Amino acid sequence: MRTAAVVGTGLIGTSVALALTSRGVTVYLRDHDRTAVQTAAAMGAGLDAVPAEPVDLAVLAVPPGRIAETLRQVQESRLALSYTDVASVKEQPLAEIAALGCDLGRYIGGHPLAGRERSGPLAARGDLFEGRPWVLTPSRETDTETLNRALEMVSLCRAVPVVMKPRDHDHAVALVSHAPHLVSALMAARLEHAQDTDTRLAGQGVRDVTRIAGSDPRLWIDILGANADAVADVLAGLAGDLDAVVGALRSLAADDAAKREVGTRGIEALLRRGNAGHARIPGKHGEPAAVYEAIPVVVPDRPGELARLFADVGRAEVNIEDIRIDHAQGRPAGLVELQVDPQRADPLTLALRNSGWTVQR
């Protein structure tokens with residue numbers, strides 16, 4: 001691939017452009033927002049210019065509802081030899097593309113499963129897709145050249161290609177992305193009018209659950225509208241489980257011992273199902289999830305302390321598998337939870353304590 005065009009210079013489009021440019025591809029930028037294009041160009045993402053001849057591949061980084069019309073326009077202007085997109089919904093745009101009579105042979109749907117809570121070109125990163133899945137959804141009409149160009153683009157962005165049917169993709173992202181976003185928003189909405197004394201007690205758990213609720217609502221309205229049925233199916237199943245949990249909790253609060261036993265069994269069954277579902281989430285490098293030991297370390301909130309902690313862990317010759325940071329309320333310190341191999345937990349705890357760290361284990 002020598003040349004590419006990116007239509008839409010928001011977070012994802014500019015990140016694609018930065019990744020391709022860093023690998024030696026000449027990228028041309030296009031957006032109806034002139035400020036966004038100029039910002040992306042100033043960041044080194046590509047050229048604010050019109051290519052003299054069709055580029056190898058055009059990447060449409062526009063909302064799902066605009067994919068079809070944008071593809072029609074760029075195909076009519078012969079912007080590229082092949083076309084793809086980065087929309088998080090695939091079936092509805094494909095139907096709209098077909099209805100407009102676009103050339104399906106030179107188009108392949110795409111969806112990089114990467115993003116940030118921030119939006120716009122200034123939030124873009126050239127390494128945003130590294131190691132992340134990038135789904136490609138060829139139709140029956142997609143030609144081999146277009147598939148190969150899309151695969152090369154994914155490789156240049158250092159992502160991991162996954163080929164799926166459009167409908168299978170939409171059901172999958174409804175389960176692992178779109179419905180979880182709404183669940184996060186629903187939980188965060190419970191905090192909107194909470195007492196300050198309540199929210200001051202917030203720990204890492206509620207932060208984890210509500211983190212993605214901070215995303216741009218305008219973007220998500222478009223995404224959810226294009227995949228509404230699949231998301232509704234997931235939430236309908238969740239609603240049934242919620243009704244069952246509410247009933248079990250009411251039973252737990254009852255005076256009758258038999259009812260409390262029924263409630264206990266109901267809650268335990270759900271928690272065990274949650275354990276089983278959580279275990280299905282892939283671990284590091286896509287391998288089966290591993291069980292790690294948590295080493296909680298109190299770390300002063302000042303420059304250099306995290307680096308000192310990591311250096312001491314390195315001297316103990318222990319690999320940090322994962323890490324979480326929970327900031328303390330009312331004091332300049334945080335609790336850094338190091339996830340390590342269980343067989344290395346005791347030696348690391350001893351080594352850190354000998355180095356002067358407070359280990360809450």
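## Helix 6 against helix 9

In this predicted model, the contact between helix 6 and helix 9 is made by Ser177, His178, His181 and Leu182 on the helix 6 side, which meet Trp220, Ile223 and Leu224 on the helix 9 side. Sorted by class, the residues of this contact comprise four nonpolar and three polar ones, with no charged residue among them.

Helix 6 covers residues 166-189 and helix 9 covers residues 217-226, and the two pack at an angle of about 125 degrees with their axes 11 Å apart. Angles of 65 to 115 degrees count as roughly perpendicular and those over 145 as roughly antiparallel, and helix 6 and helix 9 are therefore oblique to each other. The crossing of these two helices is left-handed.

## Helix 3 against helix 4

Helix 3 passes helix 4 in a right-handed crossing. The residues that meet are Ile67, Ala68 and Leu71 from helix 3 and Pro93, Glu96 and Ile97 from helix 4. By class, this contact of helix 3 with helix 4 holds five nonpolar residues and one charged residue, and no polar ones.

Four strands make up an open sheet in the order 9-10-8-11, and their pairing is antiparallel. The edges of this sheet are strand 9 (322-327) and strand 11 (358-359), each of which pairs on one side only.

Within the sheet, strand 8 (residues 293-300) and strand 10 (residues 333-340) run antiparallel and are joined by eight bridges. One of the residues involved is Glu293, whose bridge partner in strand 10 is Val340. Helix 13, made of residues 342-354, lies across strand 8, strand 10 and strand 11, and runs at about 20 degrees to strand 8.

## The chain as a whole

The chain contains 13 helices and 11 strands, and its C-alpha trace spans about 70 × 55 × 40 Å along the principal axes. Of its 361 residues, 37% count as buried. Among the contacts between residues at least 6 apart in sequence, 70% join residues that are at least 24 apart.

How values were computed: Residues numbered from 1 in each chain as written. Predicted model: local features only at pLDDT ≥ 70, side-chain atom pairs only at ≥ 80, totals over all residues. Heavy atoms only, no water. Left-handed = near helix turned anticlockwise from the far one by under 90°. Contact = heavy atoms within 4.5 Å. Nonpolar A, V, L, I, M, F, W, Y, C, P; charged D, E, K, R; others polar. Axes fitted to C-alpha atoms, helices over the stretch in contact; angles between N-to-C directions. Parallel < 35°, antiparallel > 145°, perpendicular 65-115°, else oblique. Pairing = 2+ DSSP bridges. Buried < 20%, exposed > 50% of the residue type's maximum accessible area, 1.4 Å probe, protein only.
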